[in-house]
Every structure is written in structure tokens, then in C-alpha cells.
Amino acid sequence: GYSPIGTENFASLAGEKKPNDLVEKIRFGPTIDADTDDAYYKTKESRIHFAPNEWGNQPQVFRDTITSYYAAMESLSLVLLEIIAVGLHMNPSYFTSCMDKHTSILSCNYYPPSTGRTDRLRIAEHTDVSMITIVSQSTGSVGGGLEICDHEGNWSAVPYIPGALVVNIGDCLCDWSGGRLMSTRHRVSFPPHPTESSSVSSQCSERTSVAYFVSPNYDALMCTNHNDGTSGSSMSYSKWRQKRIQKAMKALK
């Protein structure tokens, strides 16, 4: 569904208290037949992870475009998960076998322009809850935009490359891989403050991005595999996600 500007707070995912995000969003999930008899979509957990897509008064071309892009990301995510599994010396279908009734979300994000100086971030630093997130971003403004943090705490801008997609590792895959793959800490910034001698305008242009948050079946069994090859604890993705969010909320208190 739709989320107006200033109504969400991604910093909470990191257990931090910061101003609400300066972004407008509309999200879409898998299309589920309302008349389905599949028991998978009739459970209490299903009601948490699946909700009817709200199209409102958008023209049909908008719905067609979103549906087509969602399907393309759905296919791409399976390829990427196979590559990741092979890289972890697992069966290529280790992750994709848990994706036939996935809970992935497509988020269309609009960052409005801003004038003058600001010390705020458009979206505060955080890590995603997903397995991976596939991002298509616009050129944006001069400076600012999507930034990622390395293991030493240094932030770097993610450049816009025509035709390229950005792939971030999320907390789900980090835990599922036993920490062999680390979550990508990232944020969305404004351009740096202009100075009298700077050629950068004080006008911060609008920015758009489309993010596909890849998440498995809600009943997928996540068994953590440690670096030494031993298996750790296991739980369903739905239970893991619940605990992940509860942990962040607890840190806020």
C-alpha cells in the first residue's frame, strides 16, 4: 500500500531513534488469487505476510508496468540466489527451493526535492530485513543519494550507472549463511551543503528508486550454517522475522 512522506522510520530497524524518513512509497507484493483453496494462504501467518495489492485510481498501464517489473525481479532473484548458494558451496537450489510461495515486496520510492541546508538524511542508516534487495536508482542530484558503509565505518556513495542494478545483502541472508555474508548497512543522504565557492546548487533535486526486497516462503526453514561447516539453530522465516523486529523494537525502549 501507500505510505506518505514522514510516516516511516527505517532507523528503527537498527534499533535507533531518529527522525522519520523523507520518502514517499507505494508497495506491492505477490498477486494471490482471492478464491484460492491453498491452505498456505489461509493461515494466520499468511495474513501477516500477504495483503491485497491496492491499485487505487492508477491507470491500467501503471498496473501492467508494475506487474511486469515485479515478474522480472522475481526471475532475477532466483538466478542471484542460485549464484549465492554456489558461492557458499551449497546446492544451487538451497535457497530457491524456498521461493515457490515467496513473500517478496516491490517498493517504489519518491524522494522530493529540498532547498537550503539540511543536516538530516532522507533515510537513516539501517540494514534490510530481506535476503537480498535489488535496487534500480535514478541519477538523483549532485552528490547525496544511496550510500553504503564498509566494515571500517567509512561511507561511500553508490554511483548511478545506466542500466545497472544495486544488490544489497539483507539480515535474513546474513543469519541464514551463519554470518558468511554480511548485511549491507546503507542510507540515503542529501547532497553536501553548498558553499559560496561551490558550484553545487542549494536546490536538491528529486530522486526515485525501485527496490525489490527478496524474502522466502514464510514457512521456509532457516538453518544457520557456521563457517566451520556445522549447523546452528533453525526456525521458520516468519518466526525469524518476528524476532528480528522485536529485537529492534526492544533496543528502542
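**Figure 1. Lys25 in strand β2.** Lys25 lies in strand β2, which spans residues 24-28; the model shown here and in the other views is predicted. The relative accessibility of Lys25 is 4%, so this lysine counts as buried, the cut-off being under 20%. Its side chain makes a polar contact of 3.0 Å with the side chain of Glu8. Apart from neighbours within four places in sequence, the residues in contact with Lys25 include Gly1, Tyr2, Ser3 and Phe10, as well as Glu8. Ser107, Cys108 and Asn109 are also in contact with Lys25.

**Figure 2. The largest pocket and its lining.** The largest pocket holds about 730 Å³ of space. Its lining is made up of 28 residues. Those nearest the centre of the pocket are Arg27, Thr103, Ile105, Phe213 and Arg241. Two or more lining residues come from each of β2, α1 (44-49) and α4 (237-252). Helix α4 gives the largest share, with four residues.

**Figure 3. The open sheet of four strands.** The strands are arranged in the order β5-β10-β7-β8, with antiparallel pairing. Strands β5 (123-126) and β8 (155-157) are at the edges; each has a single partner strand, so one side of each lacks a neighbour in the sheet. On average, and with direction ignored, neighbouring strands of this sheet are turned by 30 degrees against each other.

**Figure 4. Pairing of β7 with β10.** Strand β7 (residues 145-149) and strand β10 (residues 186-189) run antiparallel and are joined by four bridges. Leu146 has Val188 in β10 as its bridge partner.

Conventions:
Residues numbered from 1 in each chain as written. Predicted model: local features only at pLDDT ≥ 70, side-chain atom pairs only at ≥ 80, totals over all residues. Heavy atoms only, no water. Pairing = 2+ DSSP bridges. Axes fitted to C-alpha atoms, helices over the stretch in contact; angles between N-to-C directions. Buried < 20%, exposed > 50% of the residue type's maximum accessible area, 1.4 Å probe, protein only. Polar contact = N/O pair within 3.5 Å; in protein donor to acceptor, adjacent residues only side chain to side chain. Contact = heavy atoms within 4.5 Å. 1 Å grid on protein atoms, 1.4 Å probe; cavity = no way out; pocket = protein on both sides within 12 Å on 5 of 7 lines; lining within 4 Å. Points joined across faces, edges and corners; volume = space filled by probe spheres on them.
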